[in-house]
Amino acid sequence: IVKSGSFRLIPSGGFQVIFEFIYTFIGDLYSGIMHKDYKNSVLFSLLFCVFIYILMSNWFGLLPFVGSLVLHTQGGVVPIFRAPTSDLSVTASLAIISVLLTNALGISFGGLKYLTKYVNIKSPIDFVVGVLELISEIGKVLSFSFRLFGNVFAGEVLLAVVTSLTYGVFTLPFFGLEIFVGLIQALVFFLLTTVFISVAVSHEH
């Protein structure tokens, strides 16, 4: 937000060039999945903001003061700052929002008929398929939550262990690895959410 005030029609700074490259790259991925132009798309703007939020949350844990400032309590040592996505409650919230948004858009495009994928009593087979669909939605929440949480939390633990064992000598390569992992995890969350939304709003439903 602070940097956006210096954006120009013709990029002249490194930050704007990098940001526009990421925006265009993510937009092209969105267009390829949704078969719609990402420009002037409210849905893409929302998903891109989620991507940026997750990316910054993943990288926040790599800042020098994060994890090093702690409070000593009776229950143990508690860090003052930590990466938001290293907390399961945050990743679970993002996962629930993703699944709810997918189903809300499915109902918006397909009407109440969309709900027949979950509740269908036309035949025993259809009923069983509906139950499996409900279970798969729960599985999506669990998968989203633990994939993002596990990778970010494990990365923090890995950096802490490597730093303590090698006195920071071999920390830099793993630091670069965690930057890459943070980017990939944000991209995976964006892509999976986009794919699920694309399936939900397709005419098949």
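In this predicted model, let's start where two helices touch: Leu88, Thr91, Ala92, Leu94, Ala95, Ile96, Ser98, Val99 and Asn103 of α3 meet Glu137, Lys140, Val141, Phe144, Ser145, Phe146, Leu148 and Phe149 of α4. By residue type, this contact of α3 with α4 has 11 nonpolar, four polar and two charged members. Helix α3 covers residues 88-110, and its axis comes within 8 Å of that of α4, crossing at roughly 145°. The crossing of α3 past α4 is right-handed.

Helix α4 (residues 124-166) also meets helix α5 (residues 171-200), with axes that come within 10 Å and cross at roughly 175°. α4 is therefore roughly antiparallel to α5. Among the residues making this contact are Phe144, Leu148 and Leu159 of α4, along with Phe174, Val181 and Phe189 of α5. The contact of α4 with α5 divides into 12 nonpolar, seven polar and three charged residues.

Now for the aromatic rings. The whole structure holds 16 aromatic pairs, and here are two of them:

| Pair | Centre to centre | Angle between planes | Geometry |
|---|---|---|---|
| Tyr23 and Phe48 | 5.0 Å | 80° | edge-to-face |
| Phe51 and Phe190 | 6.3 Å | 70° | edge-to-face |

Tyr23 sits in helix α1 (residues 14-34) and Phe48 in helix α2 (residues 42-60), 25 residues apart. Tyr23 is partly exposed at 27% relative accessibility, whereas Phe48 is buried at 6%. Phe51 belongs to α2 and Phe190 to α5, so their pair ties together parts 139 residues apart in sequence. Both Phe51 and Phe190 are buried.

Note on methods:
Residues are numbered from 1 along each chain as its sequence is written. This is a predicted model: local features need pLDDT of at least 70, side-chain atom pairs count only at pLDDT 80 or more; totals for chains, interfaces and linings use all residues. Side-chain values use heavy atoms; hydrogens and water are left out. Axes are lines fitted to C-alpha atoms, for helices over the stretch in contact, and angles run from 0 to 180 degrees between N-to-C directions. Helices (H or I, at least four residues) and strands (E, at least two) are DSSP runs, numbered from the N terminus. Angles under 35 degrees count as roughly parallel, over 145 as roughly antiparallel, 65 to 115 as roughly perpendicular and the rest as oblique. Contact means heavy atoms within 4.5 Å. Ala, Val, Leu, Ile, Met, Phe, Trp, Tyr, Cys and Pro count as nonpolar, Asp, Glu, Lys and Arg as charged, and the others, Gly among them, as polar. A crossing is left-handed if the near helix is turned anticlockwise from the far one by less than a right angle, and right-handed if clockwise. Rings of Phe, Tyr and Trp (its six-membered ring) pair if their centres lie within 6.5 Å; planes under 30 degrees apart count as stacked, over 60 as edge-to-face and the rest as tilted. Buried means under 20% relative accessible area, exposed over 50%, partly exposed in between (1.4 Å probe, protein chains only).
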